[in-house]
Amino acid sequence: MAELPHVWLLRWLKVNPEPRLPEGTVRVFQAAPAYLTYRRVLLGLKHLAVVMGTVIGWSFFGKLFPGFMDLPYARPAIYTVEAVVWLSFLVLLPVSFLVVRLDYALRWYVMTDRSLRIREGVVSLREKTMTFANIQQISIQQNPLQRMLGIADVKVETAGGGKGSGGSDPDAGVTEHLHEARFRGVNNAEAIRDTLLERVRMHRDTGLGEPTELITDTGPLTGPAPSLDAARELLSEVRQLRGALSRGERRHKPGA
């Protein structure tokens, strides 16, 4: 169990640090420690881009609006706005890194014998549960930075999902669909994928979903089904019996 920072903040946010475990739990784990480094690097790059954009914007402000600087109280107003912007940035800087740390600590992955559950989020808590019988596709995604850190994401998609949004991607800032779930920042992505594929194969006969070519490992049937052979044999016998009856009726007709 990872040690959570600032437990008082979690209590204030009314967030339970422990995941709710369904029945039949076989494995509970979290993202790799390198995932926290990955999130911090991305956040640092975003803050750096904000700083550079702010500096460049203030540098070109006077050139874009030359007449504005000659107005009374123009310079004090600009300096006040600039001070507020930088003060807000300095206040939000440690808060953003704290949120990233809490998001890592509160991220849990649970796999049972029937389903998987992913819990993530701090202010907005999200939990997704997917049954193995309904999983349609499993893939591994890895960008260059993740490759350097030795981590990857395992993306799971289910059949029959809607196109509505189910939450935002904390890494890329994009919308994640309701029928998608990701094991983010794991250092054993291939092992997790193989485990998921194995459990999907175990539930192939439940009739709750039809896996894609990524999951299937048995080819189609090469011959007719036994029930089809029996039906054809029965049809042939019925035709023969009907023919025999027709011949017998013709022989017994008058004048035949």
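Which residues touch the most other members of the largest nonpolar core? In this predicted model, that core comprises 30 residues, and those touching the most other members are Leu116, Val154, Val156, Phe183, Val186 and Leu196. Two or more residues are given to this core by each of the helices α2, α3 (74–105) and α5 (189–202), as well as by the strands β2 (108–112), β3 (115–120), β5 (135–141), β6 (152–158) and β9 (180–186). The surroundings of Val154 can be described in detail: with residues up to four places away in sequence left out, Val154 touches Ile138, Ser139, Ala181, Arg182, Phe183, Val186, Ala189, Ile192 and Leu196.

The highest confidence in the chain belongs to helix α4 (residues 144–149), at a mean of 95, and the lowest to strand β7 (residues 165–168), at a mean of 56. Over residues 208–226 the pLDDT is below 50, although the model shows 27 contacts for this stretch beyond near neighbours in sequence. Residues 1–5 likewise stay under 50 in pLDDT, and for them the model has 9 contacts beyond four places in sequence.

Key:
Residues are numbered from 1 along each chain as its sequence is written. This is a predicted model: local features need pLDDT of at least 70, side-chain atom pairs count only at pLDDT 80 or more; totals for chains, interfaces and linings use all residues. Side-chain values use heavy atoms; hydrogens and water are left out. A nonpolar core is a set of buried Ala, Val, Leu, Ile, Met, Phe, Trp, Tyr and Cys residues joined through side-chain atoms within 4.5 Å. Buried means under 20% relative accessible area, exposed over 50%, partly exposed in between (1.4 Å probe, protein chains only). Helices (H or I, at least four residues) and strands (E, at least two) are DSSP runs, numbered from the N terminus. Contact means heavy atoms within 4.5 Å. pLDDT is the predictor's confidence in each residue, from 0 to 100.
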